[in-house]
Amino acid sequence: MPSSVPPLRPEHVREQVAEQDFGVVAKPLTTFERIYGNGLVRKLAILAVLAAIWQLYAMYLANPLVLPTFASTVQAFIERIANGELVARSSVSIQVLLYGYAIGLALALVFTILAMTTQIGNDLLETLTAMLNPLPAIALLPLALIWLGLGNPSIIFVLIHAVMWPVALNTHSGFRAVSNTLRMVGRNYGLKGPRYVLQILVPAAFPSILSGLKVGWAFAWRTLIAAELVFGTTSGSGGLGWFIYENKNLLDIPAVFAGLFTVIIIGLLVESLIFRTLEQATIRKWGMHS
């Protein structure tokens, strides 16, 4: 009968191959490849092309009341920055926005914690988000005028509506997507209520939470400008929306575009300096982002 013992395989010892013997040829990048590999440079190139198209089309149209040139818009922007008008109007808008955004985030956190800790809280959040999240915040302007009058309280009211529901919806969805393993770890450590939410659910669901913060910021920013266009003046001063509205009535169209330019720049700065920094310090550092 043949033996059931498998034959012994001979051992082979391989010598370590030096790195220079791998046969990999290090090809230096060309100047174009180095420049093209920079994402910031690519985006600036796209903006330069769009600005050139804007300038050429405005020159062809030759009607500054319809579309001013890019050069005249930049000139109006620099002049209004130099005299401090755009800076003051931006400060008013940002201050009101921060009040509404902070209150909206706090209320979204309360609703989400209740939804994750009690069944009635979960039913309440699902019902309210289904009812109120599709409702545009700008549609509440007439009610805000009736209830709170003309001024910042009415604007803050519509900002809270614009922020609270998308943030609560994204946060709640992120919490529900947390794996059962992490949930059991929290239960085994005896965590309950707010401690369970803050120490287990929040870190695990932070990508969804950050996405909700971005959506809430975008909704709040555009709602603020729209609200100021309607009734954004208090005691003779207003924010960026009111600046755009005033200059539209004066037919100063380059200044109108300068105000829109400021809205875009502030949005880009918040996205790149705040949210991207927060993402780098949390999601990417934790290895939760591809």
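Is Leu 251 buried or exposed? I found that Leu 251 is exposed, with a relative accessible area of 56%, where buried means under 20% relative accessible area, exposed means over 50%, and partly exposed lies in between, for a 1.4 Å probe and protein chains only.

Before going further I noted the ground rules: this is a predicted model, in which local features need pLDDT of at least 70 and side-chain atom pairs count only at pLDDT 80 or more, while totals for chains, interfaces and linings use all residues. Residues are numbered from 1 along each chain as its sequence is written, and side-chain values use heavy atoms, with hydrogens and water left out.

**Backbone at two loop residues**

Leu 251 is not a glycine, yet its phi is positive, at about 60°. I located Leu 251 in the loop between H11 and helix H12 (253-281); helices here are DSSP runs of H or I with at least four residues, strands are runs of E with at least two, and both are numbered from the N terminus.

I then checked Ala 62, which also has a positive phi, near 55°. Ala 62 sits in the loop that joins helix H2 (39-61) to helix H3 (70-82), and I noted that Ala 62 is exposed, with a relative accessible area of 58%.

**Helix H11**

Turning back to the helix that Leu 251 follows, I listed the buried residues of H11 (residues 240-249), which are Leu 240, Gly 241, Trp 242, Phe 243, Ile 244 and Asn 247.

**The whole chain**

I recorded twelve helices and two strands in the protein, and from the N terminus on I read their order as α-α-α-α-α-α-α-α-α-α-β-β-α-α.

For overall shape, I noted a radius of gyration of 28 Å, whereas a compact globule of 290 residues would have one near 19 Å; the radius is taken over C-alpha atoms, and the globule rule is 2.2 Å times the number of residues to the power 0.38. Along its principal axes, the C-alpha trace spans about 105 × 60 × 30 Å.

I also wrote down that 35% of the 290 residues count as buried. Among contacts with a separation of 6 or more, 69% come from residues 24 or more positions apart, a contact being heavy atoms within 4.5 Å.
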